[in-house]
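This report looks at a predicted model.

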Amino acid sequence: MAALFAAARPAAVRSVSNSLRLVGCHHRSNSNISAIDSFISDLVDNKKLKWKVLNSRHRNGQAKAAEELPKESTLDRDPATVLPRTSFNLSGLFTELTQNPLVVNISSMDIPQVDHLIETALAEQNEGDVRLLLQQIVQYRKIPSSAVVDKVLRHVAGLADTDRLAGLIELFTSRSVGKDTVATPVQRFDHYKAWCLWKTGNTLKSLESFREIAKHSRPEDRFLVDQILRELIDETIGKKSEAVLLAVMGLCEYCLTELRHEFPICYVWEKSFHSTWHSDQEAARTLFDRHDALRVAISKRVSNLCYKLLYDNNVEKVYQLMEHFLKHDMKPECTHILIRLFDYQYWRKNLRGCSEIMQNAVDLDIALPELYNRRLLELLLGRAALDPSVTGASKKSIVAKTRKYELKF
């Protein structure tokens, strides 16, 4: 018995020691998890408190000493006291941080930082932040880069805020224009003043200002003016009265005839041509018949026009465009339009549509390439009847291959 007891005693001791070791490891692992969880919660609470203090400091304009901030750590706590912990809510924290108003002071910032703040506020359409940033720009005379200046002035002019626009232009022109140089209308930002007049409802005065700006602008400055005119035309076609449309077209005709600048009249013609209003379509027809330079410019873009119209399945508009060219005996442009129409119907296997296009070509004495005669025959007789090789390939594909099986019994 003594021998048996002596032999069993080491095994029992080892089992008891292993059990105690496992209990100790489990207790330590639980303690480590609790410590990490408590540390993360304290860190999040301290960050939230620090953000609130900094926000209130900037908002009130008072500099608080750093020692006033409460400093809490897990080392100063009494391990016997257990404090209630709040649950971590990421969405609530994000909402609380993002709903605070802008408290940034740009007086010590660089120009790229100011540009980034303004572009972000404009992209998010946050009017409150934009207003605060513009106030600080005027207060600290922080002038952004040229690209951001254009965005800011266009935004303010679009809001029809005349007073703020005048203050910003006065600040920005001090950098862009020297004392001894004569400023152009674009350098004086007159195009944004005219755009602000348009937004306030002074239509005729605004168009007269645009006429003077275009007259005295350099060719390299007309791109900025064209961007404003493009928005002006978009707000006119199909939205304003016929009198306003005729006034806008008069400005575009002046740019074409006097300045040899064709973009405005081409754009107003295209928008009027696509309009659903009959008066706009008649105005487009009048412009097309009146100006030979416009017809030449449109003929250079006929391929792009046909592509956009056919992409929207607007075949009727393509025929109207061909009528415009036929009226002035512009056969090459009509040939190009008929080819585009034939391709559109051919890839849809529309035999009737292709036959009508070929008949129109014959009636108008327009010769299409031989390729389109062959394509019409393919639709009439079928592709398999014209190409024996296609027939053989199709038969081979139709005949099913016999599967071979090897039986092992």
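Glu220 is exposed, with a relative accessible area of 53%. Its salt-bridge partner is Arg218, and the closest N and O atoms of this pair are 3.5 Å apart. Arg218 is partly exposed, at a relative accessible area of 34%. Asp221 also forms a salt bridge with Arg218, but Asp221 is buried, with a relative accessible area of 9%.

Side chains of opposite charge can pair when their charged atoms come close. The structure holds 16 salt bridges, including those in the table.

| Salt bridge | Closest N and O atoms |
|---|---|
| Glu220 and Arg218 | 3.5 Å |
| Asp221 and Arg218 | 2.9 Å |
| Arg188 and Asp190 | 3.0 Å |

Helix H3 spans residues 111–123 and has 13 residues. Which residues of H3 are buried? They are Val114, Asp115, Ile118 and Ala121. These four lie on the same side of H3, because they cover an arc of only 135° around the axis. Pro112, His116 and Ala123, on the other side of H3, are exposed. The buried residues of H3 pack against helix H4 (127–140) and helix H5 (146–158). Just after H3, Gln125 has a positive phi of about 55°.

The largest nonpolar core has 89 residues, and Phe325 is among those with the most contacts inside it. Helix H10 (residues 242–257) gives the most to this core, with nine residues. Beyond its neighbours within four places in sequence, Phe325 is in contact with residues including Phe288, Ile298, Val302 and Ile337.

Key: Residues are numbered from 1 along each chain as its sequence is written. This is a predicted model: local features need pLDDT of at least 70, side-chain atom pairs count only at pLDDT 80 or more; totals for chains, interfaces and linings use all residues. Side-chain values use heavy atoms; hydrogens and water are left out. A nonpolar core is a set of buried Ala, Val, Leu, Ile, Met, Phe, Trp, Tyr and Cys residues joined through side-chain atoms within 4.5 Å. Buried means under 20% relative accessible area, exposed over 50%, partly exposed in between (1.4 Å probe, protein chains only). Helices (H or I, at least four residues) and strands (E, at least two) are DSSP runs, numbered from the N terminus. Contact means heavy atoms within 4.5 Å. The expected span of a helix is 1.5 Å times one less than its number of residues. The arc is that of the directions from the helix axis to the C-beta atoms. A salt bridge is a side-chain nitrogen of Lys or Arg within 4 Å of a carboxyl oxygen of Asp or Glu.
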